[in-house]
Amino acid sequence: MRAPSAGDGRRSPGGAAPRPPRRERVLLYHPNPERTQELAGLVREKVRRVDLVTASTPQAARPLVAGAEIILGWRFPVDLLGEATRLRWFQQLGAGVDDLVGPEVPWPAGAVLTRVTGVFGPWIAEYVLGHLLAQGQRVPQVLAARARRAWEPFIPERLAGKTMAIAGLGDIGLAIARRARAFGMTVIGLRRRAVAAGRRAAGVVGVKRVYGLDAWPAMLSDADVLVLTLPLTPETRGLVDAAAFRRLKPGAWLVNVGRGAVLEEQALLEALGSRRLGGAVLDVFWQEPLPAEHPLWSLPNVVITPHVSGPSVAPDMARVFARNLKRFRAGRPLLGLVDRAKGY
Ligand code: OXD
């Protein structure tokens, strides 16, 4: 799919003076007003010839939507899309687009959707490896002992020699795979289509075996750590269910940096409660913020972080937008183009 050309600076039909270049109307929406203003400042610095307006609430966005040709958005109130009659391009300010792709989302005809790719891999890989190392080095126990001034020797657990199964081998999954290999782990993984044993898929480097969705439970019995980076689609919703937990090596760890609903909530609670699962590091949830009364908070073998593994920091987002805007203006394919039918 190509971006609709913006037709910059063309000569007027009579061959006279060139028309002044167009200025795109851009609406920047982020629910956090400070983040909105920080990003708006950087966009104005980096990008010339845009009329940028900002909003942080649906009420503030409503009168601005109809004029917007481009929306830069995070947690955008999707029902307003029905009023975005001039919209040609929506740049999601994050990796996931599950809130924007359902059949109920009123997309204006001809508008394209892009997401951020190629930015979050290094962040999320440090999150995953950092938390796994912290568990192996017993950091919570060390801090607790330190608070008591207690000298309590123990043998740390190493990552080397263990197997990490990564469900989702996009740019984020592959960034995690590279770091895991550097720590001496064996990496196996899941992507939509399997790769025959002994063969390599283009771009999938350092992954010993790649399973497809149809045969993925087979990879679980080898996994010491299961990492989920999957987007939420009808195919992945509830994919990790009670049967999947039963297949995992007893005592395996789970890390979820994709979407909460890829996990079946009750099955996860049971697997953690019974210690079938050694523990979990969770950055994404069925509902965010995770309600204070949620039973996960009271399980000792769970690390809970508030959706911070791959932050959309303003300098990165401004760079992604500036790069894609150049392509948009030139009518070239946009980076991170989403196939709304597939859902990613
Ligand atoms: C996401 C993100 O999509 O944080 O969850 O980018």
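How far from an oxygen atom of the ligand does a polar side-chain atom of His 307 lie? In this predicted model, the separation between a polar side-chain atom of His 307 and an oxygen atom of the ligand is 2.7 Å. Arg 259 likewise places a polar side-chain atom 2.7 Å from an oxygen atom of the ligand, while Ala 95 contributes through its backbone, of which an N or O atom lies 2.8 Å from a ligand oxygen. Of the 210 Å² that the ligand exposes when taken alone, the protein buries 90%.

The shell around the ligand is made up of Trp 74, Gly 94, Ala 95, Gly 96, Phe 120, Arg 259, His 307 and Gly 310. By residue class, this shell divides into three nonpolar residues, four polar residues and one charged residue.

Salt bridges were then examined across the whole structure, and the search finds 13 of them. One of these is formed by the side chains of Glu 69 and Arg 86, with an N to O distance of 3.9 Å. Glu 69 belongs to the loop between helix H2 (58–65) and strand S3 (70–73), and Arg 86 to the loop between S3 and strand S4 (89–92), so the pair ties together parts that are 17 residues apart in sequence. The two partners fall into separate accessibility classes: Glu 69 is buried, its relative accessible area being 3%, whereas Arg 86, at 41% relative accessibility, counts as partly exposed.

Asp 316 counts as buried, with 12% relative accessibility, and Arg 319 is partly exposed, with a relative accessible area of 36%. Elsewhere, salt bridges that share partners join Glu 69, Arg 86 and Arg 88 into one network.

A further salt bridge links the side chains of Lys 162 and Glu 157, at an N to O distance of 3.3 Å. Glu 157 is partly exposed in the model, with a relative accessible area of 39%.

Terms used:
Residues numbered from 1 in each chain as written. Predicted model: local features only at pLDDT ≥ 70, side-chain atom pairs only at ≥ 80, totals over all residues. Heavy atoms only, no water. Salt bridge = Lys/Arg side-chain N within 4 Å of Asp/Glu carboxyl O. Helix = DSSP H or I, 4+ residues; strand = E, 2+ residues; numbered from the N terminus. Buried < 20%, exposed > 50% of the residue type's maximum accessible area, 1.4 Å probe, protein only. Near = heavy atom within 4 Å. Polar contact = N/O pair within 3.5 Å; in protein donor to acceptor, adjacent residues only side chain to side chain. Areas by Shrake-Rupley, 256 points an atom, 1.4 Å probe, with all protein chains shown as cover. Nonpolar A, V, L, I, M, F, W, Y, C, P; charged D, E, K, R; others polar.
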